[in-house]
Amino acid sequence: MTDGTAREPWQWEEAEWRARVNRVRAGRRLAPAAWPDGRGFAVAISFDSDHETNELRDGGNSISRLSWGEYGARVGVPRILELLARRGVPASFYVPAVAALLHPEEQRRVVAEGHEIGLHGWIHERNSVLPEAAERDLMLRSADTIEAVCGERAVGIRTPSWDFGPGTLRTIRDMGLAYDSSLMADEDCYELLLDGEECGVAELPVEWIRDDAPYFLMDRFGSARPHLAPGDVFDIFRRELDAACEAGGLFQLTLHPHIIAARSRIWILDELLGHAAARGAWFATHRDVVAHARAAAASPGSGEEEA
């Protein structure tokens, strides 16, 4: 149409739907033929430390939901850090800037204990529906805030709610970030293509299957209240991990401090880490997994798979 009326998807010409599909696409796979220290597979554990920002994003009127977020900072992260220290496992924490400002000592402790801090938006905003300029401004401000709080510049990002707007990848590229961890086109790391061209940003993919929220998160005003027994969730995660081990690939997991750290659930992480160690896993931050995958891909005869 030429009258300015927006077309429905069924009215799009081929050029339109191809352009939308190709805006952000998976490029070559970055799957190392070997992992450091002769380990058979890699395990990358991550935590989205949303804390109070889930409620603040929606208006901040529910004191109950704010307190749930506070539990993540007050109880969840300390309990998780103690477990990671006991197991000797590094992890990646993705933190909205507002959460970092609310809990700066937490972020400094995370970094001091050898873990990675990554970007996770400003206030857990729904970035995919923001005007591009507003999203870009929030991403830049978030990076500066995290650096000011933690004392180091983040090299990776996980977008709030794991989504991209039309300009998200362009901004990630312009910020010089090494990787994103929000998309789902593979199980191993891969290059991201922006409008069909490599842009220098790697993807360390996530999956809702490997996330605690779909199994445990409850909306008290909704009719659907999904819940699985902790043992069932552990079984899903363990099966995913075992399959990654058999493939010699990557097992990535996303958890939330206000969800996984409950007394009846924290054992899931503990048992999973013990199981992974027994199977010979290389534990690394997302930052280090991406760095290894890139280095392996750049080495002659690396055995890197093509997408």
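Predicted model: local features only at pLDDT ≥ 70, side-chain atom pairs only at ≥ 80, totals over all residues.
User: Which residues of H9 are called buried, and what does the word require?
Analyst: They are Pro230, Val233, Phe234, Phe237, Leu241, Asp242, Ala244 and Cys245. Buried requires a relative accessible area under 20%.

User: How do you know that these buried residues line one face of H9?
Analyst: Viewed down the helix axis, the buried residues of H9 fall within an arc of 165°, so they line one face. In general, an α-helix has 3.6 residues a turn, so residues three or four places apart point the same way.

User: What do the buried residues of H9 pack against?
Analyst: Their partners are strands E2 (41–48) and E9 (250–255), together with helices H8 (213–216) and H11 (266–278).

User: How do you know that the length of H9 agrees with its number of residues?
Analyst: H9 has 18 residues, 230–247, and at 1.5 Å a residue they should span 26 Å. The end C-alpha atoms are 26 Å apart, so the two agree.

User: What follows H9?
Analyst: Glycine 248 does, with a positive phi near 70°.

User: Why is leucine 56 called partly exposed?
Analyst: Leucine 56 has a relative accessible area of 30%. Buried needs under 20% and exposed over 50%, with partly exposed in between, so leucine 56 is partly exposed.

User: Where does leucine 56 lie, and which residues beyond its sequence neighbours does it contact?
Analyst: Leucine 56 is in helix H2 (residues 53–57). Leaving aside neighbours within four places in sequence, leucine 56 contacts Leu66, Val98, Leu102 and Ile123.

Notes: Residues numbered from 1 in each chain as written. Heavy atoms only, no water. Helix = DSSP H or I, 4+ residues; strand = E, 2+ residues; numbered from the N terminus. Expected span 1.5 Å × (residues − 1). Buried < 20%, exposed > 50% of the residue type's maximum accessible area, 1.4 Å probe, protein only. Arc of directions from axis to C-beta. Contact = heavy atoms within 4.5 Å.
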